[in-house]
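Visitor: Could you walk me through this model? I'd like the terms spelled out as we go.

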Amino acid sequence: MPDEELSRLTRERKKAHARLLAMGSPVYKAFLDMEQAAYSDGALPKQTKELIAVGISVVIDCRSCMQWHIEQAAAAGAGPRQVLEAVEVGIEMGGGPATVSARFALDVMADVFGPEALRAGAGR
């Protein structure tokens, strides 16, 4: 079930992205420019910024955000333990409701890093 949901979220995200670009949305273009600036290496590297976004995504319970930022964090070199700690920060900041969001984050982590990444002591 999680694989189907992750695939669906990816398809929906790509479809909406293409539609907004095709429509020439100036607001969406500005958002993409802001996103590029926000996640570029600076005083904080992209990996750190993506991990921050993972924690925020858990707090606001945005599944598509969790999926995107976990994938981006991994692509920037983050390991499963680093992503888990970002999820844990989100749990601390969001309390009980964030533990429910974290369940989805774990599904994404298993998809991105493999199920073995969810074992104690796995990864960095």
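Guide: Let us begin with burial, where buried means under 20% relative accessible area, exposed over 50% and partly exposed in between, with a 1.4 Å probe and protein chains only. This is a predicted model, in which local features need pLDDT of at least 70 and side-chain atom pairs count only at pLDDT 80 or more, while totals for chains, interfaces and linings use all residues. Residues are numbered from 1 along each chain as its sequence is written, and side-chain values use heavy atoms, with hydrogens and water left out.

Visitor: Is Asp-61 buried, exposed or partly exposed, and where does Asp-61 lie?

Guide: Asp-61 counts as partly exposed, at 45% relative accessibility, and it lies in the loop between α3 and α4. Its phi is near 55 degrees, which is a positive value in a residue other than glycine.

Visitor: How far is Val-100 from Asp-61?

Guide: From C-alpha to C-alpha, Val-100 and Asp-61 are 8.4 Å apart in space, although 39 residues separate them in sequence. Val-100 belongs to helix α6 and is partly exposed, with 43% relative accessibility.

Visitor: Stepping back, how many helices and strands are there?

Guide: The protein chain has 6 helices and 0 strands; here helices (H or I, at least four residues) and strands (E, at least two) are DSSP runs, numbered from the N terminus. The radius of gyration is 15 Å, close to the 14 Å that the globule rule gives for 124 residues, so the chain is as compact as a globular protein of that length. That radius is taken over C-alpha atoms, and the globule rule is 2.2 Å times the number of residues to the power 0.38.

Visitor: And what box do the C-alpha atoms fill?

Guide: Along the principal axes, the C-alpha atoms fill a box of roughly 45 × 40 × 25 Å. The C-alpha atoms of Pro-26 and Ala-117, which are 91 residues apart along the chain, are separated by 40 Å. Pro-26 lies in helix α2, residues 26-39, and counts as exposed at 63% relative accessibility.

Visitor: Now the inside: which residues have the most contacts in the largest nonpolar core?

Guide: Those are Ile-70, Val-83, Val-87 and Met-109, in a core of 21 residues. A nonpolar core is a set of buried Ala, Val, Leu, Ile, Met, Phe, Trp, Tyr and Cys residues joined through side-chain atoms within 4.5 Å. At least two residues of this core come from each of α1 (2-22), α3 (46-60), α4 (63-75), α5 (80-94) and α6 (96-113), and the largest share, 7 residues, comes from α6. In soluble globular proteins, nonpolar side chains tend to be buried together.

Visitor: What is Ile-70 in contact with?

Guide: Contact means heavy atoms within 4.5 Å. Leaving aside neighbours within four places in sequence, Ile-70 is in contact with Val-54, Val-83, Ala-105, Val-108, Met-109 and Val-112.

Visitor: What about His-69, buried or exposed?

Guide: His-69 is buried, with a relative accessible area of 9%, and it lies in helix α4. Not counting residues up to four places away in sequence, His-69 touches Tyr-39, Glu-50, Ala-53, Val-54 and Ser-57.

Visitor: Across the chain, what share of residues is buried?

Guide: Buried residues make up 32% of the 124 residues. Among contacts between residues at least 6 apart in sequence, 67% join residues at least 24 apart.
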